[in-house]
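Here is a friendly tour of helix packing and aromatic pairs. Have a look at the model first, then read on.

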Amino acid sequence: MSESTTVMTSSASVYTTSGFWERLWRTSGIQFAALFIIAYLIYGNQPQVGASAETLMAFYHGDRMRILIATVLDGFAVLNLMWFAAALRSTLADAGRDGWGAAATASSAALGGLLILLITISAGLAYSIAGSGNPALLGGLNDITWAGVVLSSFPRAMLTMSAAFGLWRAGLISNGLFAVGVAAVVLVLLGGTTWLSDGFWAPDGLYSRFVSPLICLLWLMIVSRVLLTRSPTTHAAW
């Protein structure tokens, strides 16, 4: 009985060790990307800027349940983004680069807040606003979400930059990977200039909608991989 109790205690204690939680949070960049992509696929194609009232009603009211399901997944994605920043901050602080770690914390907080705001607007539209029969309000809020996507480029670029420069200064990534990070910063930052009225460089265009977010997601996944393979395995802070 004593041996059995010891085995059970040892097995259960795996989930209370700092190593378990640290590894979990270091993979949170990958978890954020996966949840965000799944939520986006469920959410569907949001109507573009200036869409007709009929199109907006069909999307927000007709696909109400699908949007609300995506809202829950987006919420979990934002949680993982926060934990990713915490893991990055811890790693950079241990490497003596806490200034870049603080930048990661600040940018992730700004990005998370903006994402929560955009998610809240979409959820509110689907939950009740679309059914109120106010096309002007519906169209205005829909356009605001597209403007928010463009403005999210700035905290996304800062988060990308803090990871690239911080890990490079800490000696945790190579010069080649640092160059990839710098390129990602520039490309993500360009998303903040997508203000044409229509086409590829519009707020609802391909660059703002797909290219810039995808670059950021890929970089976060790379950084999560780096945190798992290049850093110490345990810290007392966890």
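The report below covers the model, then its helices, then its rings.

## About the model

This is a predicted model, in which local features need pLDDT of at least 70, side-chain atom pairs count only at pLDDT 80 or more, and totals for chains, interfaces and linings use all residues. Residues are numbered from 1 along each chain as its sequence is written, and side-chain values use heavy atoms, with hydrogens and water left out.

## Helix 6 against helix 7

Helix 6 (residues 98-127) and helix 7 (residues 135-151) have axes that come within 10 Å and cross at roughly 160°. Helix 6 is therefore roughly antiparallel to helix 7 (angles over 145 degrees count as roughly antiparallel).

On the helix 6 side, the contact (heavy atoms within 4.5 Å) includes Leu114, Leu118 and Ile121, and among the residues they and their neighbours meet in helix 7 are Leu138, Leu141 and Ile144. The contact residues divide into nine nonpolar, four polar and no charged.

## Aromatic pairs

Rings of Phe, Tyr and Trp (its six-membered ring) pair if their centres lie within 6.5 Å, with planes under 30 degrees apart counted as stacked, over 60 as edge-to-face and the rest as tilted. The count comes to 10 aromatic pairs.

Trp100 and Phe165 are stacked, 5.4 Å centre to centre with 20° between the planes.

Conventions:
Axes are lines fitted to C-alpha atoms, for helices over the stretch in contact, and angles run from 0 to 180 degrees between N-to-C directions. Helices (H or I, at least four residues) and strands (E, at least two) are DSSP runs, numbered from the N terminus. Angles under 35 degrees count as roughly parallel, over 145 as roughly antiparallel, 65 to 115 as roughly perpendicular and the rest as oblique. Ala, Val, Leu, Ile, Met, Phe, Trp, Tyr, Cys and Pro count as nonpolar, Asp, Glu, Lys and Arg as charged, and the others, Gly among them, as polar.
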